[in-house]
Amino acid sequence: MPVDAAPAIAPAVVAPTAATPAANMARLARGWDSDLAYSFRRSPVAVVSAIVLIICLGAALFAPWVAPHNPFDLATLNLLDALTPPHGLPGAKPEYLLGTDDQGRDVLSAIMFGARVSLLVGLAAVVLAMLLGVSLGLIAGYGGGKIDGFIMRVADVQLSFPAILIALLVDGVARAVLPRDAHGSIAVFVLVLAIGVSNWPQYARTVRGSTMVEKSKEYIQAARVIGIRPLGIMWRHLLPNVLGPVLVLATINIATAILTEATLSFLGVGVPPTEPSLGTLIRIGNDFLFSGEWWITIFPGAALVIMVLAINLLGDWLRDALNPKLR
Amino acid sequence: MPTSAQPLVELENVARYFDVSPPWLNRILERQRRQVLKAVDGVSFSVAKGETLGLVGESGCGKSTVARLIVGLYRPTRGEIRFAGRRIDAAGPDPAVRRAMQMIFQDPYASLNPRWRVADIVAEPIRAHGLARSSRDINARVGSLLEQVGLASADGAKYPHQFSGGQRQRISIARALATQPAFLICDEPTSALDVSVQAQVLNLMRRLQRELGLSYLFISHNLAVVHHVADRVGAMYLGRIVELAPVNVLFTSPQHPYTRMLLAAVPDLTRTGMPRTAVAGEVPNPLDPPKGCAFHPRCPYADERCRREVPRLKHVAGDADVTVACHAVEEGRLAQEAFTAA
């Protein structure tokens with residue numbers, strides 16, 4: 001189990017040895033982590049999800065070393081192996097565990113390489129959307145008045161367009177601005193920017209709503225009476241109390257971001273075809289579904305479902321674990 | 001009663017209006033007018049060092065707004081607030097004033113950040129004002145504060161939800177005391193608590209006042225509680241103080257018809273048999289307060305002058321400590337015996 005051996009219950013009061021605030025903060029952080037670790041070990045669902053996710057992440061991260069083949073090295077492809085069914089079916093070959101596609105590429109290896117792109121784009125886009133949305137939502141909710149009106153009207157306008165359209169717009173602008181040959185190498189960044197920018201209003205709305213509820217509570221007034229500055233109140237008081245719904249939203253959004261990325265790739269504005277993502281694999285396999293070669297689309301799909309499910313279950317556990325009332 | 005030359009806190013003709021107009025579009029389309037809520041409208045009083053001033057009144061009379069004006073959560077629309085002779089209403093948050101003045105809130109379930117440990121909550125003012133640098137000093141200070149309010153220093157490792165309402169209010173008090181303030185504003189600190197716990201918290205507050213020489217502004221709608229803790233009491237009605245008197249005077253011979261009505265409404269064993277005037281009428285809409293004396297629609301003694309002219313807070317003949325804002329009292333129209341003779 002990938003859990004550090006921190007004590008299950010944090011020491012009652014931090015030991016009075018360290019003198020610097022930094023050391024003190026580190027100690028506090030460790031205590032907080034150990035509480036989390038304790039709650040993690042007591043939740044079998046979280047442990048299983050984490051193991052599954054770590055396997056997925058590991059397979060994706062170390063694909064060049066772990067994968068049995070390199071599906072994108074044209075020299076190793078053999079067209080005679082095209083459309084080989086997976087293990088257990090008549091005609092299966094031992095070196096292709098999950099079969100091959102129409103060009104003789106190993107499906108398992110393609111999944112590993114595809115998950116790399118999908119996870120990278122999904123995670124980075126969600127992080128970008130969260131950074132944008134949470135900070136704008138906090139400012140809108142805490143500031144109120146004209147700032148709130150302005151930020152939320154911008155969010156409303158953006159929400160009235162489909163996210164795909166925004167992403168297409170960002171991508172189009174990037175293509176127009178950047179030189180033609182530069183686009184291929186930074187396609188992933190453009191994709192992250194496009195999906196991230198198109199998703200921030202959801203976070204801003206969620207955070208603004210919770211912020212306005214929390215803002216009226218007396219502990220915020222108490223902090224103001226003590227003399228804490230607005231940024232300190234937002235960062236240290238409001239943020240931990242509004243982050244719960246955001247985490248759940250973020251996990252769901254990773255799946256949405258991966259799908260958006262697949263859609264964009266399908267439309268030809270995503271990652272270049274030489275570097276397909278999971279979504280691209282599903283789309284390619286879709287063409288063979290009715291001619292009997294179901295494994296080309298089902299296995300990448302299953303990989304996507306397992307990955308998203310593991311992330312969602314972990315997000316659920318995290319939400320409960322971060323809520324001190326449920327501890 | 002402690003009296004000193006210079007009052008610790010002074011309010012002079014302080015007012016706070018809130019703009020509660022409907023949104024601009026509604027005003028244009030539905031021809032609605034701007035609306036201003038006069039939550040506090042010309043309040044003056046002072047609190048001496050070591051004194052407890054009680055502030056009573058019905059819900060919505062502006063008691064809590066007064067508290068928030070003094071601690072600086074709101075800026076006054078007009079008037080002056082002075083702390084130890086210095087004006088604090090115009091200037092921005094002055095750390096020295098913030099330190100000297102702390103507040104205890106009504107709801108012990110909402111006034112502590114649920115995600116912070118108690119030790120961090122109590123340490124926040126210490127860290128914010130840099131009162132102790134090393135974590136050893138901060139921990140020692142937090143521990144002694146928790147013990148001072150009757151909790152154990154080991155309780156600092158717990159979260160607020162692990163405590164009862166009374167204990168949480170003690171944590172609030174510990175946090176308020178962390179900056180070693182001279183003045184505490186208590187906004188209904190016991191109204192969310194059980195009666196037995198109320199007494200414990202009130203006695204704690206009185207003990208701390210004795211030990212630390214604190215001054216309190218004690219806001220409550222519970223007259224029994226105010227009677228127990230206050231040295232002087234101000235009665236508020238619709239944003240104004242209608243009567244300000246030493247606690248014994250106010251509770252035995254109230255002058256203003258509103259104060260009389262409030263006191264008469266309190267069930268009290270010792271005053272059994274006293275003729276009780278029923279509380280008549282409702283608090284008027286504060287958006288559209290009555291002209292003249294705001295109390296006149298509910299007042300049995302109201303006459304033409306009361307409907308026209310706003311009464312000023314004036315000293316009552318014969319007692320320099322008592323001030324009342326009532327035309328009837330001033331003109332001697334009110335029979336003094338009506339209340340006290342019973």
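The following legends describe close-up views of a predicted model.

**View 1. Confidence of the predicted model and of chain B.** The predicted model scores ipTM 0.84 and pTM 0.77. For chain B the mean pLDDT is 86, with 92% of its residues reaching 70 or more.

**View 2. Packing of helix 4 of chain B with helix 6 of chain B.** Helix 4 (residues 118-128) and helix 6 (residues 165-177) of chain B pack with their axes 7 Å apart and at an angle of about 30°; because angles under 35 degrees count as roughly parallel, the two helices are described as roughly parallel to each other. From helix 4 of chain B, Val118(B), Ile121(B), Val122(B), Glu124(B) and Pro125(B) meet Ile171(B), Ala174(B) and Arg175(B) of helix 6 of chain B. The residues of this contact comprise 6 nonpolar and 2 charged, with no polar ones.

**View 3. The largest nonpolar core.** This core holds 166 residues, among which Ile111(A), Ala115(A), Val122(B), Leu217(B) and Phe218(B) touch the most other members. Helix 4 (residues 107-143) of chain A gives the most to the core, contributing 20 residues.

**View 4. Surroundings of Leu217(B).** When residues up to four places away in sequence are not counted, Leu217(B) touches Val47(B), Leu53(B), Leu55(B), Ala67(B), Ile70(B), Ile185(B) and Cys186(B).

**View 5. Contact between chain B and chain A.** Here 29 residues of chain B are in contact with 22 residues of chain A. On the side of chain B that touches chain A, helix 3 (95-100), strand 6 (101-104), helix 4 and helix 5 (135-148) of chain B each supply at least two residues, and the largest share, 4 residues, comes from helix 4 of chain B. By class, this side of chain B has 15 nonpolar, 9 polar and 5 charged residues.

Technical notes. Residues numbered from 1 in each chain as written. Chains lettered and ligands numbered in written order. Predicted model: local features only at pLDDT ≥ 70, side-chain atom pairs only at ≥ 80, totals over all residues. pLDDT = per-residue confidence, 0-100. Axes fitted to C-alpha atoms, helices over the stretch in contact; angles between N-to-C directions. Parallel < 35°, antiparallel > 145°, perpendicular 65-115°, else oblique. Contact = placed C-beta atoms within 7 Å. Nonpolar A, V, L, I, M, F, W, Y, C, P; charged D, E, K, R; others polar. Core = buried A, V, L, I, M, F, W, Y, C linked by C-beta atoms within 7 Å. Buried ≥ 20, exposed ≤ 12 C-beta atoms within 10 Å, placed from the backbone.
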